[in-house]
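The following report describes a single protein chain, element by element and contact by contact. Please keep the sequence and the structure in view while reading.

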Amino acid sequence: MIDRVAPTIRPTLPVRGYQRWRSLLFMHWAVPVELIRQWVPKRLEIDLYDGLAYVGLVPFAMEGVRNAWWPSFTGLTFLETNVRTYVHFNGEPGVYFLSLDAAHQLAVWGARRFWGLPYYHARMSLTQSKNEIAYELVRTDRTANLKVRYRIGSALKPFSEISQEYFFLERYLLFLEHRDQLYSGQVHHAPYPAHLAEVLDLEDSLITAAGLDGDWGMPSHCHFSPGVDVEIFGLKKLG
């Protein structure tokens, strides 16, 4: 039995860091389980919605990124994009990242060194005109790129834990495997304020660069959030 509410509860643990996530676009495609299975640690189960697995592509902006013991004025601001899928471990649902790109070399180095996460350095830009946003990404090693232009749609009402929007957006645990050890990490924030979104133009090679071959086309589901303020908690070893 998967408990989708428990991870939303703020843990009684020391906060390790703070971040503000802004202008998030959530794009999703249904994907065969066998295609995603080969890229996910065997100890993690693929999380399904109505029998389907999904891959997500999420470009957004990071603000005020800092360790808890740093003063607030030292927070870093940069753009980030992740390719992700959804998993669960012992009934706890979360995210497994296939790749992450960030426009900050120190952040990339730190995430790889201390978290073992598959980060890449990229040049990125985000521009907004009224309710349209254009986002561009090129990895500095030229192995992948992203261009997306989208329109922010109507606001959604709060959604229940059995809805597809909740399945896509309300993820508070990440799982990773580093040196044959499985870990989970938790974040806490208010529920996402969410809107529908319409992708107007899309060029992407991040998903195929993560190992998922195919002609992906336009996403089947698109959502936007103006953002949330986030608390970061430490990694926990899993048995």
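Predicted model: local features only at pLDDT ≥ 70, side-chain atom pairs only at ≥ 80, totals over all residues.

## Strand pairing around β11

Strand β8, residues 145-155, pairs with strand β11, residues 195-204, in the antiparallel sense and over eight bridges. Within this pairing, Tyr 150 has Val 199 of β11 as its bridge partner.

After the helix comes Gly 116, which has a positive phi, near 70°.

## Aromatic pairs and charges over rings

Across the whole structure, a search finds 11 aromatic pairs. One of them joins Phe 26 and Tyr 192 in an edge-to-face arrangement, with 5.4 Å from centre to centre and 75° between the planes. This pair links distant parts of the chain, since Phe 26 is in strand β1, residues 15-31, while Tyr 192 is in the loop between β10 and β11, 166 residues apart. Phe 26 and Tyr 192 are both buried. Another pair is formed by Phe 89 and Phe 175, whose ring centres are 6.5 Å apart and whose planes stand at 50°, so this pair is tilted. It too links distant parts of the chain, with Phe 89 in strand β4, residues 76-89, and Phe 175 in strand β9, 86 residues apart. Both Phe 89 and Phe 175 are buried.

Ring pairs also link Tyr 49, Tyr 54, Tyr 86, Phe 167 and Phe 168 into a cluster. Over the ring of Phe 167 sits the charged end of Arg 171, at 4.5 Å from the ring centre. In another place, Arg 112 lies over the face of Tyr 120, 5.1 Å from the centre of that ring.

## Salt bridges across the chain

The count of salt bridges comes to 11. In one of them, Arg 10 meets Glu 231, with the closest N and O atoms 2.7 Å apart. Because Arg 10 lies in the segment before β1 and Glu 231 in strand β12, the pair ties together parts that are 221 residues apart in sequence. Arg 10 counts as partly exposed, at 39% relative accessibility, whereas Glu 231 counts as buried, at 18%.

Arg 171, described above with its charged end over the ring of Phe 167, also forms a salt bridge with Asp 47, in which the closest N and O atoms are 3.0 Å apart. Asp 47 lies in the loop between β2 (45-46) and β3 (53-67) and Arg 171 in the loop between α3 (164-169) and β9, so this pair ties together parts that are 124 residues apart in sequence. Both Asp 47 and Arg 171 are buried.

A further salt bridge brings together the side chains of Glu 132 and Arg 149, at 3.2 Å from N to O. Since Glu 132 lies in strand β7, residues 132-139, and Arg 149 in strand β8, the pair ties together parts that are 17 residues apart in sequence. Glu 132 is partly exposed, with a relative accessible area of 24%, and Arg 149 is likewise partly exposed, at 32% relative accessibility. Glu 132 and Arg 149 belong to a network of salt bridges in which Arg 151, Glu 198 and Asp 201 are also linked.

## An exposed loop residue

Asp 180 is placed in the loop between β9 (173-178) and β10 (181-188). With a relative accessibility of 68%, Asp 180 counts as exposed. Although Asp 180 and Pro 41 are 139 residues apart in sequence, they are 9.4 Å apart in space, taken from C-alpha to C-alpha.

Notes. Residues numbered from 1 in each chain as written. Heavy atoms only, no water. Helix = DSSP H or I, 4+ residues; strand = E, 2+ residues; numbered from the N terminus. Buried < 20%, exposed > 50% of the residue type's maximum accessible area, 1.4 Å probe, protein only. Pairing = 2+ DSSP bridges. Phe/Tyr/Trp six-rings, centres within 6.5 Å; stacked < 30°, edge-to-face > 60°. Lys NZ or Arg CZ within 6 Å of the ring centre and 35° of its normal. Salt bridge = Lys/Arg side-chain N within 4 Å of Asp/Glu carboxyl O.
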